[in-house]
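Q: I would like to learn how to read a protein model step by step. Could we go through some of its features together?

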Amino acid sequence: MKTFNSSWSEPLRDALEKQRRALNLPADALRLAFVGVGNELNGDDGAGLWIVRGLKWVLPQHERLLLVEAGIAPENFTGVLRRFEPNWVLWVDAADMNQAPGAVSWVMWEGAEEIPQISTHTLSPGLLGHYLGAELGCQMGIIGIQPVSLRFGEGLTPAVRRSVRGLVRFLAAWVGDCFKLHAE
């Protein structure tokens with residue numbers, strides 16, 4: 001597990017690029033899915049959903065990019081993922097890993113098993129990862145944001161809101177580079 005506090009963007013870019021290169025795919029063959037997980041009614045638990053919504057707002061639709069708001073039951077979206085046939089799935093979620101509020105963490109799916117409670121949801125990331133890995137045959141990673149509050153009826157806390165905004169900007173730029181979405 002790699003954890004990034006105030007300067008998470010460069011280490012996260014390095015981790016994402018390393019995994020993208022490990023796929024050994026031509027640039028025009030990358031099929032990438034972002035899956036936002038969480039419950040926006042429970043404060044910072046909605047961070048993953050807000051990030052995917054932000055990406056939908058700033059990125060153009062692309063045939064090799066899937067943005068899914070999975071909510072509290074990501075297992076219900078396995079059919080959508082199967083039809084899309086990604087070679088990489090990036091889960092975005094609030095993840096309680098005893099870090100500073102709003103800290104951003106990167107975990108390859110295999111590493112999620114080492115952390116007993118990475119997610120605030122009941123389905124184990126390891127169990128879902130094993131199933132999807134077998135079904136889809138793709139790489140998976142988790143981008144986690146350390147929550148401050150998971151209280152019902154609260155919105156995002158300021159620390160998590162800053163991380164969400166930063167991640168949307170960062171991920172949109174990174175996806176733009178991957179898919180050559182920038183004007184030439």
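Q: Which residues does T157 touch, not counting residues up to four places away in sequence?

A: Contact means that heavy atoms lie within 4.5 Å, and by that rule T157 touches D44, V148 and S149, when residues up to four places away in sequence are not counted. Please keep in mind that this is a predicted model, in which local features need pLDDT of at least 70 and side-chain atom pairs count only at pLDDT 80 or more, while totals for chains, interfaces and linings use all residues. Residues are numbered from 1 along each chain as its sequence is written, and side-chain values use heavy atoms, with hydrogens and water left out.

Q: Where is T157 placed, and is T157 buried or exposed?

A: T157 sits in the loop between strand 6 (139-145) and helix 5, where helices (H or I, at least four residues) and strands (E, at least two) are DSSP runs numbered from the N terminus. Buried means under 20% relative accessible area, exposed over 50%, and partly exposed in between, with a 1.4 Å probe and protein chains only, so T157, at 13% relative accessibility, counts as buried.

Q: How is a pair of packed helices described?

A: Two packed helices are described by the angle between their axes and the distance between the axes. Axes are lines fitted to C-alpha atoms, for helices over the stretch in contact, and angles run from 0 to 180 degrees between N-to-C directions. Here the axes of helix 1 (residues 9-22) and helix 5 (residues 158-178) come within 11 Å and cross at roughly 35°.

Q: Which residues of helix 1 and helix 5 meet?

A: S9, L12, R13, L16, E17 and R20 in helix 1 meet L167, F170, L171, W174, D177 and C178 in helix 5. The residues of this contact divide into 7 nonpolar, 1 polar and 4 charged, where Ala, Val, Leu, Ile, Met, Phe, Trp, Tyr, Cys and Pro count as nonpolar, Asp, Glu, Lys and Arg as charged, and the others, Gly among them, as polar.

Q: What is the phi of N98, and where is N98 placed?

A: Phi of N98 is near 55°, a positive value in a residue other than glycine, and N98 is found in the loop between strand 4 and strand 5 (104-108). N98 is exposed, with a relative accessible area of 72%.
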